[in-house]
Amino acid sequence: MRRTAASAAALAGALLLGGCGSGDDAKADLSVSGAYMPQPVSDMAAGFLTVANDGGAADRLTSVTSDVAGSVTLHETVGSSMREAASLEVPAHGRLVFRSGGSHLMFEMLKREPKQGETVDVELHFAESGTVKVAIPVKPATYRPADGH
């Protein structure tokens, strides 16, 4: 009987420790790809990119800053309309996609007009992962990437 109780306690302890894990998968692991800005034709511009999260915990994009604009806001598609969002989730093992016709970054009060061939430096601010810097290339106003985003 004692041996069974001791074995059960050891097994319970091992399961408890195994459930804790090393913590490596319990945080966000973010990367950015496919970034571009169509050359603006007014005092505003849109930005598109994909934030991938290969980690085991979600994160939130809380704001975006750039020295090229007075403000950069997050816009999401809800049904068939757009609205400004205070933050957007990057799900664990998932993606947050900003694409033409869908969710996007809106650069407002441009301080200068970015031209095709230049890059625009932005900082993506996340609730848990901190700041990620991205250089967004400026493409022709009619640019549509091959992957459709």
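The model is predicted, so local features need pLDDT of at least 70, side-chain atom pairs count only at pLDDT 80 or more, and totals for chains, interfaces and linings use all residues. Residues are numbered from 1 along each chain as its sequence is written, and side-chain values use heavy atoms, without hydrogens and water.

**Aromatic pairs**
- The whole structure contains 2 aromatic pairs (rings of Phe, Tyr and Trp, the last by its six-membered ring, with centres within 6.5 Å; planes under 30 degrees apart are stacked, over 60 edge-to-face, the rest tilted).
- The Tyr-36 and Phe-48 rings are a tilted pair, because their centres are 5.1 Å apart and their planes meet at 40 degrees.
- Tyr-36 belongs to strand 1 (residues 30-38) and Phe-48 to strand 2 (residues 45-53), so this pair ties together parts 12 residues apart in sequence; strands are DSSP runs of E, at least two residues, numbered from the N terminus.
- Tyr-36 also forms an edge-to-face pair with Tyr-143, at 4.9 Å centre to centre and 75 degrees between the planes.
- Tyr-143 lies in the segment after strand 10 (130-139), 107 residues from Tyr-36.
- Tyr-36, Phe-48 and Tyr-143 form one aromatic cluster.

**Surroundings of the cluster**
- Tyr-36 is buried at 1% relative accessibility, whereas Tyr-143 is partly exposed at 26% (buried is under 20% relative accessible area, exposed over 50%, partly exposed in between; 1.4 Å probe, protein chains only).
- Lys-139 lies over the face of Tyr-143, 5.2 Å from the ring centre (NZ of Lys or CZ of Arg within 6 Å of the centre and within 35 degrees of the ring normal).

**Pairing of strand 3**
- Strand 3 (residues 59-65) runs antiparallel to strand 6 (residues 88-90), joined by 3 bridges (pairing requires at least two DSSP bridges).
- Strand 3 is also antiparallel to strand 9 (residues 119-126), with 4 bridges.
- Leu-61 stands opposite Leu-88 in strand 6 and opposite Phe-126 in strand 9.
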